[in-house]
Amino acid sequence: MIKFIIQRISFSTRKYIKKRISELGVDIPNNYIDILKEVQKKEEQKGIHIIFSYLYSQSNHPNANAFLGKSMLLNPEYAVSLILYYNDNCNNDKFRKAFEQTIGHELTHKERYQEKYKQLTPFRLPLKKMKFTAWVNEAHADFGGTQKMASSSRQILLEVMEYKKAQHPDSKDDCSHPSWEKRINYVKKFDFTNELIEQIAKDVGYKNQKFIDKVKAYAYYAEIILSPAPAND
Ligand SMILES: [Zn+2]
């Protein structure tokens, strides 16, 4: 068992943070490193190891990725958001919940590699099949994220998704992700069950029932039932 220590924040990450925060016209808090260490400590207590990495992504959108066991890579832009919104003075509850969901979502993605699911790895499949499995994966990670981090609360997940949708108002369907609007609808109207997998096949226009059934019956996809029950309008 590897015992992690709280990772120090690299020079490049610090430099990025200072530059971005001054670009945003905000005074950088003197304790910005402490804020990040506090986040690392809190997550470490839950067994999640947070690494801020400049090499992982220099995008000016917050990016997170689970890469090894329960380790999470966050880019410096994520560190900037954490400094601005996570600290106690700011009390930005939505951001905190979104951060927790992001971690849960990425950890759920990570799980599939540990199971038979890797046989269905999207990148080896024809386009429509790939899109179908990728979308099922995304929906699964959304449901799994809230199962892990928010006691399976549908309401918290929807709050977080609306918050993220507002940050990406132009979000559209693509090969790997349904639009935020679709993802929100999946959570509003479904649990993660075979019914949702059928709906995703319909939305993607994927018709190979044999493969759809294989994905449904796949050992990896246990149902995820959220509370309260989905809206049935
Ligand atoms: Zn995802």
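Predicted model: local features only at pLDDT ≥ 70, side-chain atom pairs only at ≥ 80, totals over all residues.

Reader: Which residues of α6 are buried?

Author: A residue counts as buried if 20 or more other C-beta atoms lie within 10 Å of its own. In α6 these are Arg154, Leu157, Val160 and Met161. Viewed down the helix axis, the buried residues fall within an arc of 130 degrees, so they line one face of α6. Glu162 and Ala166, on the other side of α6, are exposed.

Reader: Against which helices do the buried residues of α6 pack?

Author: Their partners are α4, α5 (127–149) and α7 (180–189).

Reader: How are α4 and α6 oriented to each other?

Author: Angles of 65 to 115 degrees count as roughly perpendicular. The axes of α4 (residues 93–111) and α6 (residues 154–167) cross at roughly 100 degrees and come within 9 Å; the two helices are therefore roughly perpendicular to each other. Helix α4 contributes Lys94, Lys97, Ala98 and Gln101 to the contact, while α6 contributes Ile156, Leu157, Glu159, Val160, Tyr163 and Lys164. By class, the contact residues are five nonpolar, one polar and four charged.

Reader: Is His109 buried, exposed or partly exposed?

Author: His109, which lies in α4, has 17 other C-beta atoms within 10 Å and is therefore partly exposed. Leaving aside residues up to four places away in sequence, His109 touches Ala66, Asn137 and Ala141. The C-alpha atoms of His109 and Glu138 are 7.9 Å apart, although 29 residues separate them along the chain.

Technical notes: Residues numbered from 1 in each chain as written. Axes fitted to C-alpha atoms, helices over the stretch in contact; angles between N-to-C directions. Helix = DSSP H or I, 4+ residues; strand = E, 2+ residues; numbered from the N terminus. Parallel < 35°, antiparallel > 145°, perpendicular 65-115°, else oblique. Contact = placed C-beta atoms within 7 Å. Nonpolar A, V, L, I, M, F, W, Y, C, P; charged D, E, K, R; others polar. Buried ≥ 20, exposed ≤ 12 C-beta atoms within 10 Å, placed from the backbone. Arc of directions from axis to C-beta.
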